[in-house]
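User: Hi, I have a structure here and I'd like to go through it with you step by step. Could you show it first?

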Amino acid sequence: MPTALTTSETELHARLELANRLGALAAGARDLAELFRALYDETGRVMDATVFLFALYDEASATVQVVRQMDRGVEYPGGRYVPAR
């Protein structure tokens, strides 16, 4: 007889499913902006994505490249930043 999942188990299951879907989206994306939008859409189905950004860390230059960002449904361009230490 199956047991009921706890809230934390249900959330973990939803996040693992999200990770699987995101992996498939990443494989099919044509560019980083398309990947950003797919990540935003899928993440918003599972958790609050009111403010969302997609960034990559460049170890060689020690900078963060924000690809795109979303704030309350409005998409903004990214930029390159030196992280605070």
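Predicted model: local features only at pLDDT ≥ 70, side-chain atom pairs only at ≥ 80, totals over all residues.

User: Okay, sheet first. Which strands form it, and in what order?

Analyst: Three strands make up an open sheet, arranged in the order S1-S2-S3, and their pairing is antiparallel. S1 and S3 stand at the edges with a single partner strand each, so one side of each has no neighbour in the sheet. On average, and with direction ignored, neighbouring strands of this sheet are turned by 10° against each other.

User: What does a sheet use to hold strands side by side, in general?

Analyst: Strands of a sheet pair through backbone hydrogen bonds, and the pairing can be parallel or antiparallel.

User: How many bridges join S1 to S2?

Analyst: Eight bridges join strand S1, which covers residues 51-58, to strand S2, which covers residues 63-71, and the two run antiparallel.

User: What sits in the turn between S1 and S2?

Analyst: This hairpin has four residues between the strands, and Ala62 takes a positive phi near 55° there. That is a positive value in a residue other than glycine. Ala62 lies in the loop between S1 and S2, and because its relative accessible area is 19%, which is under the 20% limit, Ala62 counts as buried.

User: Where is Arg72, then?

Analyst: Arg72 is placed in the loop between S2 and S3. Those strands form a hairpin with two residues between them, and Arg72 in the turn has a positive phi of about 55°.

User: Is Arg72 buried or exposed?

Analyst: Arg72 counts as exposed, because its relative accessibility is 62% and exposed means over 50%. The side chains of Arg72 and Asp71 are joined by a polar contact of 2.3 Å. Arg72 is also 8.8 Å from Phe52, C-alpha to C-alpha, while the two are 20 residues apart in sequence.

User: Switching to the helix: where does H2 lie relative to the strands?

Analyst: H2 lies across S1, S2 and S3, and it runs at about 135° to S1.

User: How far apart are the end C-alpha atoms of H2, and what would you expect?

Analyst: The end C-alpha atoms of H2 are 21 Å apart, and this agrees with the 21 Å that its 15 residues should span at 1.5 Å a residue.

User: What caps the N-terminal end of H2?

Analyst: Asp31 does, with a side-chain oxygen that lies 3.2 Å from the backbone nitrogen of Ala33.

User: Which residues of H2 are buried, and what covers them?

Analyst: The buried residues in H2 are Leu35, Phe36, Ala38, Leu39, Tyr40, Glu42 and Thr43. What covers the buried residues of H2 includes helix H1 (7-28) together with S1, S2 and S3.

User: Glu42 is on that list. Why does it count as buried?

Analyst: Glu42 counts as buried because its relative accessibility is 13%, and buried means under 20%. Leaving out residues up to four places away in sequence, Glu42 touches Leu18, Arg21, Leu22 and Leu25.

User: Last topic, aromatics. How many aromatic pairs are there?

Analyst: A search of the whole structure finds three aromatic pairs. In one of them, the rings of Phe36 and Tyr40 have centres 6.5 Å apart and planes at 15°, so the pair is stacked.

User: Where do Phe36 and Tyr40 lie?

Analyst: Both are in helix H2, which covers residues 32-46, and they are four residues apart, about one turn of the helix. Phe36 is buried, because its relative accessible area is 0%.

User: Which residues form the aromatic cluster?

Analyst: Phe36, Tyr40 and Phe52 form one aromatic cluster.

How values were computed
Residues numbered from 1 in each chain as written. Heavy atoms only, no water. Phe/Tyr/Trp six-rings, centres within 6.5 Å; stacked < 30°, edge-to-face > 60°. Buried < 20%, exposed > 50% of the residue type's maximum accessible area, 1.4 Å probe, protein only. Pairing = 2+ DSSP bridges. Axes fitted to C-alpha atoms, helices over the stretch in contact; angles between N-to-C directions. Contact = heavy atoms within 4.5 Å. Expected span 1.5 Å × (residues − 1). Polar contact = N/O pair within 3.5 Å; in protein donor to acceptor, adjacent residues only side chain to side chain.
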